[in-house]
Amino acid sequence: MSFSLSKLYKNSEHGSLFLYACGVVLLLLSSGCQPQSASKQQLLISGPMMGTEYRVSLVLDSQSSRSQSLERQKKLETAVLDAMNSVNQSMSNYIEDSEISQFNRLGAHKFQALSPDFLEVMLESQQISTISDGAFDVTLGNAIDAWGFGPDGKITRRPSNDELAELKHTSGYQKLVLKNSSIAKSVDGLELSLSAIAKGYAVDKVAKALTELGVNDFLVNIGGELRASGSNIDGNVWRVGVEKPHLLGGIQEIVELKNAAIATSGDYRNFLLIDGEQFSHTIDPQSLKPVLHKLALVSVISARASTADAMATAMMAMGEGAAWQFAQDRNLAAYMIIRGDNEADYQFRVTEKFRAYLQ
């Protein structure tokens, strides 16, 4: 889940392929040896955000003066930061006065008015929950905390079956009520977590802000959720690599991403160790336990990063058989890596729609 422009990348201390600790997709050097156009300039905006890193690569028309260029750069940087900060302030469980934190503290049957961003995310979340039969569910905040993946931090023991059974009463997307532009919960104690869609939505919001400012050539990455528009500095399609699981290393596939988004969900980077046993960060909404199956990674390409983000998470929760059938039934552009009988043995499954993006 990372990327950069080729010229900036080649001079990076990280070498030609930069990899975020939380990520599983990265951008390949597309055409580093080709000269830049004199009428174009490249700009990289990056930094920490939403508990991860963001990198926004822009291709701009050259300005006639340095002052004009700096003024435009400042305007773009402000737009990018404002877009991300607004989503973070709305949807972060780590911010006490965020919209989501305020809702999580509410009792049952009390409606809270939602901002346009939060409402849009909730409408899409509920839609994907419905079509995935609950494999995607944003009401797992308590279960995520119980397994040490939420704001409460790591745990030293796994929750008991009795504790998880009790949490079942405070989870389930059907227990949310959306009415006009407000939301309520039907049971006390239910808590939302938008960790499987908020970063994707933030990517989309940055993309929208850039487009409104007249920028049409860019690649946005927030914590590994990416959205590309137009072309890179050399006029070519943005090229993104899907990484192999860490035991294999390297790049498995190269995707040409034009006016589309890609998101990846995997179980081998964000995990918890308890007494030497590894637990995935993806929670099964049925058992409220980390998923236990052979599906190691899912990448989904869609028009919107929020959709790709949520769909990849839903498929990861389903497991290999159900996820593949879901992708076929929904005609998704999906790529799956499935474990074999030993740790070095992997199977790769690619839908026809995803194959169309491969180099």
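In strand β6 (residues 182-185), I183 is the bridge partner of L178, where a strand is a DSSP run of E with at least two residues and a helix a run of H or I with at least four, both numbered from the N terminus. This is a predicted model, in which local features need pLDDT of at least 70 and side-chain atom pairs count only at pLDDT 80 or more, while totals for chains, interfaces and linings use all residues. Residues are numbered from 1 along each chain as its sequence is written, and side-chain values use heavy atoms, with hydrogens and water left out.

Four bridges join β5 to β6, and these two strands run antiparallel; strands are said to pair if DSSP finds at least two bridges between them. They belong to an open sheet of three strands in the order β4-β6-β5, with antiparallel pairing. The edges are formed by β4 (112-113) and β5 (176-179), each of which has a single partner strand, so one side of each is left without a neighbour in the sheet. Helix α4 packs on this sheet and touches β5 and β6, its direction making about 130° with that of β5. Such angles run from 0 to 180 degrees between N-to-C directions, with axes as lines fitted to C-alpha atoms, for helices over the stretch in contact, and contact means heavy atoms within 4.5 Å.

A second open sheet has eight strands in the order β2-β3-β7-β8-β11-β14-β15-β16, again with antiparallel pairing. Its edge strands are β2 and β16 (346-350), each pairing on one side only, and the twist averages 10° from one strand to the next. Between β2 and β3 there are 10 bridges in the antiparallel sense, and S46 has R55 in β3 as its bridge partner. In the loop between β2 and β3 lies M50, which has a positive phi of about 55° although it is not a glycine. Most residues other than glycine have a negative phi. D133 likewise has a positive phi, near 55°, and is placed in the loop between α4 and α5 (141-146).

Which strands does α2 lie across? Helix α2 lies across β2, β3 and β7, and runs at about 35° to β2. Buried residues of α2 include L76, A79, V80 and A83, where buried means under 20% relative accessible area, exposed over 50% and partly exposed in between, with a 1.4 Å probe and protein chains only. The buried residues of α2 pack against several elements, among them α3 (99-105), α4 (116-131) and α7 (198-212).

Elsewhere on the eight-stranded sheet, helix α9 (residues 320-330) lies across β14 (295-302), β15 and β16, running at about 165° to β15. Rings of Phe, Tyr and Trp (its six-membered ring) pair if their centres lie within 6.5 Å, and planes under 30 degrees apart count as stacked, over 60 as edge-to-face and the rest as tilted. By this rule there is one aromatic pair: the ring centres of Y335 and F354 are 5.6 Å apart and their planes stand at 25°, so the pair is stacked. Y335 belongs to strand β15 (residues 333-339) and F354 to helix α10 (residues 352-355), 19 residues apart. Y335 is buried, at a relative accessible area of 0%.
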